[in-house]
Amino acid sequence: MTALDTVKSKIRELYETNPNIHVNITVGHPKINLKSDPAVIIGVYPHIFRIEEYSEGEPKCHTLQYTDVLTNQIQIDELR
C-alpha cells in the first residue's frame with residue numbers, strides 16, 4: 001500500500017465515522033488559506049475529496065486532492 005493509498009483510506013474512514021474535522025490549508029490555486037478551521041468532509045472520491053467550511057460565515061465547498069495532504073499543503077488535525 002502506497003502513502004497515497006494510506007491517506008485515501010484514512011480520509012474515507014473519517015468520512016464514514018466522524019466527518020467533522022479541523023483543517024490547515026495553504027493552496028495557491030484556487031487560493032485557500034485556513035488555519036485550524038472546522039470543516040465537514042462531504043464527499044470522498046477516487047482522486048479527490050470535498051469539504052464544507054464556514055470560515056467566512058457562509059458555507060463554502062472546496063474540492064481537494066489527496067496529494068496535497070502528502071505535500072502538507074493540507075493538514076487534517078484528526079489524522080495526526
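The points below treat the sheet, the helix packed on it, and the salt bridges.

1. Basis. The model is predicted: local features need pLDDT of at least 70, side-chain atom pairs count only at pLDDT 80 or more, and totals for chains, interfaces and linings use all residues. Residues are numbered from 1 along each chain as its sequence is written, and side-chain values use heavy atoms, with hydrogens and water left out.

2. Sheet. Five strands form an open sheet in the order β4-β3-β2-β1-β5, with antiparallel pairing. Strands are DSSP runs of E, at least two residues, and helices are runs of H or I, at least four, numbered from the N terminus; two strands pair if DSSP finds at least two bridges between them. Because β4 (60-65) and β5 (74-76) each have a single partner strand, one side of each lacks a neighbour in the sheet.

3. Strands β3 and β4. Strand β3 (residues 48-53) runs antiparallel to β4 and is joined to β4 by six bridges. Ile-51 has His-62 in β4 as its bridge partner.

4. Helix α1. Helix α1 (residues 3-17) packs on the sheet and touches β1 (20-27), β2 (32-44), β3 and β5, contact meaning heavy atoms within 4.5 Å.

5. Salt bridges. The count is two, the criterion being a side-chain nitrogen of Lys or Arg within 4 Å of a carboxyl oxygen of Asp or Glu. Glu-16 and Arg-12 form a salt bridge (3.8 Å, N to O); both lie in helix α1, four residues apart, about one turn of the helix. In the salt bridge of Asp-77 with Arg-80, the closest N and O atoms are 4.0 Å apart.

Methods: Axes fitted to C-alpha atoms, helices over the stretch in contact; angles between N-to-C directions.
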